[in-house]
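Open the structure in your viewer and keep the selection tool at hand. This tour tells you what to select next and what is there.

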Amino acid sequence: MDEERVKKLVRELIIEVGEDPTREGLRETPERIANMYKEIFGGYDSDSELSVQFSEDSDVVIARDIQFYSMCEHHMLPFFGKIHIAYSPNGRVFGISKLVRLVEKYSKRLQIQERLTKNIADELHSQGVKGVVVLADAEHLCMKMRGVKNDAKLSSSAFRGIYENKEEKAGIMSLIRQRGSDLSF
């Protein structure tokens with residue numbers, strides 16, 4: 001990202017919305033926005049580090065309530081919520097921080113929730129696990145503060161490997177529901 005160009009564009013945007021970019025409260029805004037964009041769009045250059053694995057087997061591993069923040073690619077407004085990941089290892093497990101890094105890798109991009117859910121499931125499944133479930137629940141400011149102005153939440157899911165099978169899917173969803181108190185699935 002060219003920070004100087006972003007600063008210039010933000011300054012121009014401030015002028016276009018009818019404000020004075022030299023006003024005390026706005027003087028540093030272009031720099032703050034450029035720094036913020038580096039942080040919130042850092043997923044384009046990040047590594048989920050899923051290569052860090054440990055020899056250990058387990059029937060299923062579930063990581064619940066991984067918080068995420070992303071930006072809607074249609075309106076560039078935030079959407080945020082929680083992602084729940086379940087996977088069946090194939091003799092190797094991932095460190096829990098790696099699952100969080102995987103969520104950050106895809107959420108820190110211009111994104112839609114459905115693709116975010118799919119990307120996480122696809123990358124995790126590509127590591128050779130037997131099956132993956134990714135569930136995402138989010139609030140979208142593009143829907144809350146503009147347009148329909150509604151508080152509805154969106155839920156999305158992705159099933160890979162053994163969890164594409166109807167019985168396996170029902171079993172893992174029951175396990176997730178049984179142990180999770182705040183899931184809408």
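First, one term: relative accessible area under 20% is buried, over 50% is exposed, and in between is partly exposed, with a 1.4 Å probe and protein chains only. You are looking at a predicted model, in which local features need pLDDT of at least 70, side-chain atom pairs count only at pLDDT 80 or more, and totals for chains, interfaces and linings use all residues. Residues are numbered from 1 along each chain as its sequence is written, and side-chain values use heavy atoms, leaving out hydrogens and water.

**Whole chain**

Start with everything shown. The C-alpha trace spans about 60 × 35 × 20 Å along its principal axes. Of the 185 residues, 39% are buried. Colour by secondary structure: there are six helices and seven strands. Here helices (H or I, at least four residues) and strands (E, at least two) are DSSP runs, numbered from the N terminus. Follow the chain from the N terminus, and the elements run α-α-β-β-β-β-α-β-α-β-α-β-α.

**The listed site**

Zoom in on H75. It sits in the loop between strand 2 (61–72) and strand 3 (78–88). Its relative accessibility is 38%, so H75 counts as partly exposed. A contact means heavy atoms within 4.5 Å. Setting aside residues up to four places away in sequence, H75 touches C142 and R146.

Move to C142, in helix 5 (residues 141–144). Is C142 buried or exposed? At 11% relative accessibility, C142 counts as buried. Beyond its neighbours within four places in sequence, C142 is in contact with C72, H75, L77 and P78.

Five of them form an open sheet with mixed pairing, in the order 5-2-3-6-7. Strand 5 (110–111) and strand 7 (153–161) stand at the edges with a single partner strand each, so one side of each has no neighbour in the sheet. Two strands pair if DSSP finds at least two bridges between them.

Pick out strand 3 and strand 6 (residues 131–140). They run antiparallel, joined by ten bridges. For one of these, select Y87 and find its bridge partner V132 in strand 6.

**Across the sheet**

Helix 3 lies across strand 2, strand 3 and strand 5, at about 20° to strand 2. That angle is between N-to-C directions, from 0 to 180 degrees, with axes as lines fitted to C-alpha atoms, for helices over the stretch in contact.

Stay in helix 3 and click K98. At 11% relative accessibility, K98 counts as buried. Which residues does K98 touch, not counting those up to four places away in sequence? They are S48, E49, L50 and V52.

**Helix 1**

In helix 1, select V6, V10 and I14, which are buried. Look down the axis: the buried residues of helix 1 fall within an arc of 80°, so they line one face. The arc is that of the directions from the helix axis to the C-beta atoms. Helix 2 (29–40) is part of what covers them. Turn to the face away from the buried side for the exposed residues E4, R5, K8 and E16.
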